2 protein chains.
Amino acid sequence: MYEKKNPKDLSCGIGVTLEIIGGKWKPCLINSIHKGIHRPSELARQNPTASKRVLSLQLKELEEHGVIRKVIYPVLPPKVEYFLTGLGESLLPIVDLMETWGEDVLAKGVVVKKNR
Amino acid sequence: MYEKKNPKDLSCGIGVTLEIIGGKWKPCLINSIHKGIHRPSELARQNPTASKRVLSLQLKELEEHGVIRKVIYPVLPPKVEYFLTGLGESLLPIVDLMETWGEDVLAKGVVVKKNR
DNA sequence: GGATATAGGGGCAAAATTTTCACTATGACA
DNA sequence: TGTCATAGTGAAAATTTTGCCCCTATATCC
């Protein structure tokens with residue numbers, strides 16, 4: 001982990017929200033967990049473009065922020081499951097809107113800028 | 001500008017949404033413009049922690065994505081105003097939720113992790 | 001003349017985030 | 001034995017985002 005040099009902007013609500021779900025895959029993770037995908041390996045299979053590493057990191061951050069809860073089963077091979085906490089569930093309206101808004105834009109064929 | 005090397009994930013709606021409002025200040029900008037702050041200099045004063053440069057860049061991207069509309073007045077000194085398009089307004093529910101969710105979390109004193 | 005405000009661009013560097021790859025450890029399976 | 005799946009970490013590199021500083025041009029005001 002590295003030191004943050006620039007202060008987070010926690011003055012406005014949006015800043016706070018971004019601090020918590022701002023990661024590239026965090027909204028997807030919340031979404032997937034809500035849909036019943038609980039194990040890390042399954043989450044990784046769901047998002048093949050995400051590196052295993054980031055998923056791991058972002059899951060950890062979500063847990064540290066109290067958005068998800070981690071259950072470790074003392075088995076071998078390892079088994080872990082993640083669940084939304086109350087705080088996590090309170091994020092669902094936002095995540096759902098993001099999901100449907102994006103689908104909508106896709107469906108309507110509104111142009112999304114390509115990579116340059 | 002630089003070449004993007006990593007493909008954007010536009011497979012899921014969330015990916016698309018993040019592509020458009022994923023910038024650090026974009027939700028804030030949308031919010032501010034909606035609240036009647038239209039000129040760049042005012043927007044900059046509203047978010048003192050953001051550098052002029054980034055605001056400029058993100059406004060440009062929002063415009064390229066069709067979220068906001070730019071009006072240039074042929075005056076001196078220059079005058080410019082930004083307005084939400086229909087697409088931009090369709091984002092308001094998301095932005096509003098982000099705003100209120102964050103405020104709520106702040107008010108309830110739920111711990112937000114500090115800089116490390 | 002000189003300072004200020006306006007909107008924005010360029011170059012460059014710093015910071016932040018993400019990717020890649022190697023590695024731990026163990027039970028099950030062929 | 002060798003391989004696979006499991007969950008996760010560490011170091012280092014690549015990529016993306018942001019910040020800083022200087023520059024243009026002009027009208028207004030002191």
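1. A residue counts as buried when its relative accessible area is under 20%. By this criterion, 42% of the 116 residues of chain A are buried. It should be kept in mind throughout that the model is predicted.

2. The secondary structure of chain A consists of 6 helices and 2 strands. Read from the N terminus, these elements follow the order α-α-α-α-β-β-α-α. When contacts in chain A between residues at least 6 apart in sequence are considered, 49% of them link residues at least 24 apart.

3. The buried residues are A:K26, A:P27, A:C28, A:L29, A:I30, A:N31, A:S32 and A:I33. After helix 2 of chain A comes A:G36, which has a positive phi near 105°.

4. The packing of two helices is described by the angle between their axes and the distance between those axes. For helix 2 (residues 26-34) and helix 6 (residues 92-107) of chain A, the angle is about 105° and the axes lie 10 Å apart. Helix 2 of chain A is therefore roughly perpendicular to helix 6 of chain A, since angles of 65 to 115 degrees are placed in that class. The contact has 5 nonpolar, 2 polar and 2 charged residues. Helix 2 of chain A contributes A:P27, A:I30, A:N31 and A:H34, which meet A:L92, A:V95, A:D96, A:M98 and A:E99 of helix 6 of chain A.

5. In soluble globular proteins, nonpolar side chains tend to be buried together. Here the largest nonpolar core has 57 residues, and those touching the most other members are A:I30, A:V67, A:I68, B:I30 and B:I68. Beyond residues up to four places away in sequence, B:I30 touches B:I21, B:L62, B:V67, B:L84, B:G88, B:L91, B:L92 and B:V95.

6. Finally, A:T85 lies in the loop between strand 2 (79-84) and helix 5 (86-89) of chain A. Is A:T85 buried or exposed? Its relative accessibility is 18%, so A:T85 counts as buried. Apart from neighbours within four places in sequence, A:T85 is in contact with A:G66, A:V67, A:I68 and A:R69.

Conventions: Residues numbered from 1 in each chain as written. Chains lettered and ligands numbered in written order. Predicted model: local features only at pLDDT ≥ 70, side-chain atom pairs only at ≥ 80, totals over all residues. Heavy atoms only, no water. Core = buried A, V, L, I, M, F, W, Y, C linked by side-chain atoms within 4.5 Å. Buried < 20%, exposed > 50% of the residue type's maximum accessible area, 1.4 Å probe, protein only. Contact = heavy atoms within 4.5 Å. Helix = DSSP H or I, 4+ residues; strand = E, 2+ residues; numbered from the N terminus. Axes fitted to C-alpha atoms, helices over the stretch in contact; angles between N-to-C directions. Parallel < 35°, antiparallel > 145°, perpendicular 65-115°, else oblique. Nonpolar A, V, L, I, M, F, W, Y, C, P; charged D, E, K, R; others polar.
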